[in-house]
Amino acid sequence: MPRIPYLPADLADPAELVAAIRRRRGGELLKLDRMLLYSPEFAAGWNALLGAVRARLQLDARLRELAICAVARLNRAPYEFEQHAPEFLAAGGPQRQLDALDDVEAAARDEASFDARERAVLRLTLGMTRDVTPSEQDFATAAALFPRQELVELVGVVASYNMVSRFLVALGVHSEADEAG
């Protein structure tokens, strides 16, 4: 159960904002949206930020979703993982890599399953998620493998989805399939 009830799935107001969120989501409001909409201003900012993170960055979508799924696993945020695992697969990520994220630390060292850029994404994600500041070595490795714009975007993706997972976990937002509501 969520810690506060979700707003109704057929919520119509504020009309412009709800319509914008529905457009970004393909017509539906997710449980996350139905929680965010308790604060329309917060929901509007969230929708703008996450819309850009998900659709307007230069960073490869597969690497973005790899980082997001790793954040979800590290922060024990199953809702976030359930939303992004299909996105990772759709972006060309293999199921074996997704399965390996059950242990992100081991995955970050797994040279057989992850290439150098993927391991750099996982190490940066680990450092930022667990310690806030990635190690100098991990940052330098990522900086050597990614152009500056993509490096900044990667750091922003990890930071953004740490925000998302903490919101979800704190409010008890559960799987779309769980509970009626």
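Does tryptophan 46 count as buried or exposed, and at what relative accessibility? In this predicted model, tryptophan 46 counts as buried, at 5% relative accessibility.

**Aromatic pairs**

A pair of aromatic rings is described by the distance of the centres and the angle of the planes.

| Pair | Centre to centre | Angle between planes | Class |
|---|---|---|---|
| Phenylalanine 42 and tryptophan 46 | 5.7 Å | 55° | tilted |
| Tryptophan 46 and phenylalanine 167 | 5.1 Å | 55° | tilted |

Phenylalanine 42 and tryptophan 46 are four residues apart in helix H3, which spans residues 40-55, and they are therefore separated by about one helical turn. The pair of tryptophan 46 with phenylalanine 167 has another setting: tryptophan 46 lies in helix H3 and phenylalanine 167 in helix H10 (residues 148-171), so this pair ties together parts that are 121 residues apart in sequence. Phe42, Trp46 and Phe167 form one aromatic cluster.

**A charge over a ring**

Another aromatic ring, that of phenylalanine 81, has the charged end of arginine 73 sitting over it, 3.5 Å from the ring centre.

In soluble globular proteins, nonpolar side chains tend to be buried together. The largest nonpolar core here has 53 residues, of which Leu37, Leu101, Leu122, Phe146, Leu154 and Tyr161 touch the most other members. Several helices give two or more residues to this core, among them helix H1 (15-25), helix H2 (31-36), helix H5 (78-90) and helix H7 (104-109), and H4 gives the most, with nine residues.

For tyrosine 161, once neighbours within four places in sequence are left aside, the contacts are Leu50, Val53, Arg54, Ile68, Val71, Glu80 and His84, so that a residue of the nonpolar core is also in contact with residues such as Arg54 and Glu80.

**A buried glutamate**

Glutamate 118 is found in helix H8 and is buried, because its relative accessible area is 6%, again under the 20% cut-off. Its side chain is joined to that of glutamine 97 by a polar contact of 3.0 Å. Leaving aside neighbours within four places in sequence, glutamate 118 is in contact with Arg62, Leu63, Leu66, Gln97 and Ser113.

Technical notes:
Residues are numbered from 1 along each chain as its sequence is written. This is a predicted model: local features need pLDDT of at least 70, side-chain atom pairs count only at pLDDT 80 or more; totals for chains, interfaces and linings use all residues. Side-chain values use heavy atoms; hydrogens and water are left out. Rings of Phe, Tyr and Trp (its six-membered ring) pair if their centres lie within 6.5 Å; planes under 30 degrees apart count as stacked, over 60 as edge-to-face and the rest as tilted. Buried means under 20% relative accessible area, exposed over 50%, partly exposed in between (1.4 Å probe, protein chains only). A charge sits over a ring if NZ of Lys or CZ of Arg is within 6 Å of the ring centre and within 35 degrees of the ring normal. A nonpolar core is a set of buried Ala, Val, Leu, Ile, Met, Phe, Trp, Tyr and Cys residues joined through side-chain atoms within 4.5 Å. Contact means heavy atoms within 4.5 Å. A polar contact is a pair of N or O atoms within 3.5 Å; within protein, one must be able to donate a hydrogen and the other to accept it, and residues adjacent in sequence count only if both atoms are side-chain atoms.
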